[in-house]
Every structure is written in C-alpha cells, then in structure tokens.
Amino acid sequence: VAPAIGAGMGRFVDLFTFHGINPLTGTVSPQATKYLSQTTKSVEAAGAPTNELNAAVGLIAASGTAMPNGIAFDAAYNYALSTEVWPTGTALAGQERYPSMGFGAVENWRGMTAASSSTVSGRPELADTNIRAIVGDYTQVKWGYQRQIPLELIEYGNPDNIMESDDSPRDLKGYNEIALRSEVVIYVAIGDLAKFAKVVVDDAV
C-alpha cells in the first residue's frame with residue numbers, strides 16, 4: 001500500500017505544481033492560486049527545439065535578475081530534441097545535435113537539470129495542455145507533506161457513496177470487499193512565475 005500512496009502523492013504534487021490540477025477531477029483545484037503553467041513567458045513550438053528552448057531561456061534572462069536552472073519536457077518534445085539535426089547550411093548539416101542524449105532518462109541539457117515527464121502536457125489525467133516544456137528557476141518551487149500518514153481499514157458500508165443500478169448503496173461487506181483510505185496534508189508554494197517560461201504548441205496556452 002505504501003508504494004501506491006507514495007506514487008499517488010508524487011503524481012498529485014507534479015500535476016498541482018505544473019497545472020493546479022486535482023488528478024481526481026481533472027480540473028483546476030479551487031485551492032490552486034499559482035502554478036507554473038500560468039507563466040506569461042511563452043515560446044511557440046515550431047519544430048526547432050534548440051532554438052525554442054534558447055528563446056525560452058532568453059525570456060527569463062532578459063530580466064537581468066534570473067537564470068533558469070532546470071527544464072522539464074514531455075516525452076514527445078524529449079524525442080524531438082534527442083533526434084534534432086544540424087540545419088542545412090551549417091558545417092554539421094544532417095548530423096544529430098545531441099548524439100549522446102539518448103532516449104532514456106535525460107538529466108542535463110546545456111547545464112540545466114533536465115527531466116522528461118507526462119506531467120508537462122498533463123496527460124492522461126487531463127486534456128493535452130499543449131505545453132511541451134517549462135524552463136525556469138526551480139528553486140522557486142517548495143513543497144512538503146506531513147510525516148505521519150494514517151491508513152484506515154474499512155470493512156463494510158459505502159464509504160465512496162457508490163450506488164447500484166437500482167440506486168441502492170453498494171455495501172463493501174455484501175461484495176466481500178474492503179477499502180483502504182488514507183489522508184495526507186500536502187503543500188506546494190511557488191515564488192516568482194516570471195522566472196519560468198513555457199514552450200507551447202500553436203501558442204495555445
């Protein structure tokens with residue numbers, strides 16, 4: 001049970017931090033007042049990942065007060081960056097720009113900590129946000145959770161208010177089932193959104 005709780009908490013923190021999303025409903029949580037995808041610094045994805053990421057970094061650096069230290073991109077954008085080739089007219093035209101990048105876990109890109117995750121696009125918990133990468137100063141993101149997490153065993157009743165086809169309550173005992181329920185307090189705090197920039201498809205976000 002503990003690994004499942006840990007995985008669920010991690011996914012919640014990611015989706016809430018990036019999109020303010022409650023994974024249970026797939027919609028923005030009323031408690032979400034600031035999340036990374038709200039940044040107004042935006043670059044359109046147009047098939048040139050390196051140029052797009054450079055432009056995103058430039059939007060942050062232009063303030064003269066910050067430089068990004070991390071980048072998160074979705075799997076499709078990770079692939080596009082990994083397979084990008086030098087353009088026609090350059091000395092290395094047609095050759096891969098990042099031959100050592102590979103398709104696995106990406107840890108670094110041009111000195112920034114890098115990670116690839118479906119959290120960036122928000123799928124599958126919600127409709128595609130059209131965001132393909134978020135560059136920024138990730139020291140602006142703080143999160144935590146309570147150390148002691150209770151676990152309740154429920155052996156009978158209808159704790160989730162699930163109804164049968166005849167509108168009668170579905171009793172756990174009647175189906176020889178049990179329910180395990182846990183509650184945890186999690187906090188996420190985000191500092192200056194101006195220290196983040198996103199790469200989006202068709203500038204739709």
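**Exercise 1.** Determine how helices α2 and α3 are oriented to each other in this predicted model.

*Solution.* Two packed helices are described by the angle between their axes and the distance between the axes. Helix α2 spans residues 49-61 and helix α3 residues 75-82. Their axes come within 9 Å and cross at roughly 115°. Angles of 65 to 115 degrees count as roughly perpendicular, and α2 and α3 are therefore roughly perpendicular to each other.

**Exercise 2.** State which residues of α2 and α3 meet, and classify them.

*Solution.* From α2, the residues in contact are Pro49, Thr50, Glu52 and Leu53. Their partners in α3 are Tyr77, Ala80 and Leu81. Sorted by class, this contact has five nonpolar residues, one polar and one charged.

**Exercise 3.** Classify the ring pair of Tyr98 and Trp109, and decide whether each residue is buried or exposed.

*Solution.* The count of aromatic pairs comes to four. In the pair of Tyr98 and Trp109, the ring centres are 6.3 Å apart and the planes stand at 65°, so the pair is edge-to-face. Tyr98 belongs to the loop between α3 and β5, and Trp109 to strand β5, 11 residues apart. Relative accessibility is 17% for Tyr98, which therefore counts as buried. Trp109, at 4%, is also buried.

Technical notes. Residues numbered from 1 in each chain as written. Predicted model: local features only at pLDDT ≥ 70, side-chain atom pairs only at ≥ 80, totals over all residues. Heavy atoms only, no water. Axes fitted to C-alpha atoms, helices over the stretch in contact; angles between N-to-C directions. Helix = DSSP H or I, 4+ residues; strand = E, 2+ residues; numbered from the N terminus. Parallel < 35°, antiparallel > 145°, perpendicular 65-115°, else oblique. Contact = heavy atoms within 4.5 Å. Nonpolar A, V, L, I, M, F, W, Y, C, P; charged D, E, K, R; others polar. Phe/Tyr/Trp six-rings, centres within 6.5 Å; stacked < 30°, edge-to-face > 60°. Buried < 20%, exposed > 50% of the residue type's maximum accessible area, 1.4 Å probe, protein only.
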